[in-house]
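Trainee: Could you walk me through this model, starting with its aromatic rings?

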There are 2 protein chains.
Amino acid sequence: MADAAIKSLDETLEKYIPAQELAEVNRILYGRRPKPLDVPVAALRLAEVGGFELRAFTIGAAPEQLRPPRLVRVGLMQNRIVEPTTAPVAQQVSALHKRLASMVETAALCGVNIVCFQEAWTMPFAFCTRERLPWTEFAESAEDGPTTLFCQELARRYNVVVVSPILERDEVHRDTIWNTAVVISNSGAVLGKTRKNHIPRVGDFNESTYYMEGNTGHRVFQTQFGRIAINICYGRHHPLNWLMYAENGAEIVFNPSATIGGLSEPLWAIEARNAAIANHYFTCAINRVGTECFPNAFTSGDGKEAHCEFGHFYGSSYVAAPDGSRTPGLGRMNDGLLIAELDLNLNRQVSDHWGFRMTGRYEMYAEELARSVKHDFKPDIHK
Amino acid sequence: MADAAIKSLDETLEKYIPAQELAEVNRILYGRRPKPLDVPVAALRLAEVGGFELRAFTIGAAPEQLRPPRLVRVGLMQNRIVEPTTAPVAQQVSALHKRLASMVETAALCGVNIVCFQEAWTMPFAFCTRERLPWTEFAESAEDGPTTLFCQELARRYNVVVVSPILERDEVHRDTIWNTAVVISNSGAVLGKTRKNHIPRVGDFNESTYYMEGNTGHRVFQTQFGRIAINICYGRHHPLNWLMYAENGAEIVFNPSATIGGLSEPLWAIEARNAAIANHYFTCAINRVGTECFPNAFTSGDGKEAHCEFGHFYGSSYVAAPDGSRTPGLGRMNDGLLIAELDLNLNRQVSDHWGFRMTGRYEMYAEELARSVKHDFKPDIHK
């Protein structure tokens, strides 16, 4: 397919542009380039056997007198579904559990402290179909569903924080379905959950057929390794969503996503990176990879014939830093684990330098925004 | 200098990457590529004689049944100062008037409807010095200063809207100085003025020594060719600033700037483009070009020796569209005029498709933001 012709943007640039000019191209495109991080041979071997890309980088900060470096290693996973969408639900889920277990094992060998999986990671992204069964059967309790129990076991075994974005079934509230990320402490305890705040009505992303806008606000989770938040998928298009996680103290915001080439690819490198810049924190953009085919053909609201394929999820997961720099992306076609060692001291250093929070005038905006949402708002237009 | 080694990022990519792969690289980096726009030979000749780059593109939209295309041509100017910073003030201003007059004449030959000059275009960006005289002498009345009179004459002669960002002296308010953009209708009337909302305290941008945060809100100007707003320079780092221009109905937001290579270059291509995406409008990012040298050496708050140079303003002006696409940038080293024909129908088409405004939940954010700015705000942190 056309949109899958390049395996990785960064590889293509490296292939053709001579070294000295490449350094300048990379500086202009990406800022200060993160250094590669060494990983154990055993991890490389696991990745090779498992058939997934493994890349690792470190993003440092200046030394300070009063604070030692606050290093944390994050692991971003992107993966295809393992079983066909026609396999029994339990079999699909269990195959994905197994797949991610091997990636988490690899991450743990590399000293990763926090892992985050892609959006709705236990299932195909079936919302394009608008069918209920069997897809709603993938929804689970955030507190004690099989996937949460599985992640708790991973967290304890490898001493990692696990961010597990699932389709949630909320039985307490009469079987409501949500798009939710569960955060599990490295102790194995469920730290809490946070729901997708903005729900797309675009292309085949018919998610509003299944669940509503999240009601958990912009909570931040204090882990042993830093304060994290999760902005799920479409929420990356909403700068205020990113901002409120910052206001609540987030140091790293994960953006587990599922998005396809024709729709969003030119936006992908922009939005999470802009959020890191604007909010003085790290962002981790994670996208599903591969093409998913469903048993019954569906239409796409574009007048074209019914078809069974969703489109190509282009992966390209990356980490962006508050100074505007970013890691290279994982590939567009393959499963991958991206590891980044981050010195969280960089956030405050950049904030002290650029001062976007200090100069933000949020009080004025709170008032302006409160006015502009009123039904009888009069825009300030000068003629 | 190191940061000026590449004349243009786009040219470098074109030079080395084979055509088919270049198309994919461009799609991933920039989205749908704008088509080149033909310009009259007389305009090319003027640009050649004047020694400035001239590039022109068109960004179309789908045909609609009830609305004809709403085509507008914008002209973005980037230029070096003409006279040395030691020349008499009046001479510096008048040389810049002359320089821009020839660029506006060229733009007019190309059918441009709205032109926008760079930030504080009548002067060197002298705020690094922290000296008052002679630099504050560049400040003028927005209503009837010599530069506004000059722009009114241009507007009438060429039937163009002129956006003229100047250093303003506000005599009504006891000689207050502001960083202001004056908007002049194609009829020659002053439509109004709008002030820079966010003032940097970073690097050598000691602007807060000279003027305060603007008090004109987020007004939008209804011109014959569409509704425009002006987000001056550092305001591009503030997503709420961009948002409020959208709330007031802006269809094109100009971002006249002055920013240097070492500081912001990797952010440059991100922020105005993110704003176009997030707010369903066009953005025009304009940056000064060249290196400015001042008579008295100054320090930069970085512990290094006093020096007379500010750093390299890297130009690279570009236009971004609401669908995430953008034009190539002007060069990093040279004066230039970038013309873009925009179909403003694209804004509503993209809004109807992506729906960020509809899904934006601004009422919730107005409340959250009002809470978070309180001195006794308790962040929502889960432990």
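Mentor: Gladly, and a definition comes first: rings of Phe, Tyr and Trp (its six-membered ring) pair if their centres lie within 6.5 Å, with planes under 30 degrees apart called stacked, over 60 edge-to-face and the rest tilted. This is a predicted model, where local features need pLDDT of at least 70, side-chain atom pairs count only at pLDDT 80 or more, and totals for chains, interfaces and linings use all residues. Residues are numbered from 1 along each chain as its sequence is written, chains are lettered from A in the order in which they are written, and side-chain values use heavy atoms, leaving out hydrogens and water.

Trainee: How many aromatic pairs are there over all chains?

Mentor: The ring-centre rule above is applied over all chains. The count comes to 34.

Trainee: How far apart in sequence are the parts tied together by Trp268(A) and Tyr314(A)?

Mentor: These two rings are edge-to-face, 6.0 Å centre to centre with 80° between the planes. Both residues are buried (under 20% relative accessible area; 1.4 Å probe, protein chains only). Trp268(A) lies in helix H7 and Tyr314(A) in strand E13 (DSSP runs: helices H or I, at least four residues; strands E, at least two), so the pair ties together parts that are 46 residues apart.

Trainee: Which C-alpha of chain A is nearest the axis?

Mentor: Chain A can be laid on chain B with an RMSD of 0.0 Å by a turn of 180° and a shift of 0.0 Å along the axis, superposing C-alpha atoms of residues with pLDDT of at least 70 in both. The copies are therefore related as by a two-fold rotation axis. At 2.5 Å from that axis, the nearest C-alpha in chain A is that of Ala366(A).

Key. Buried < 20%, exposed > 50% of the residue type's maximum accessible area, 1.4 Å probe, protein only.
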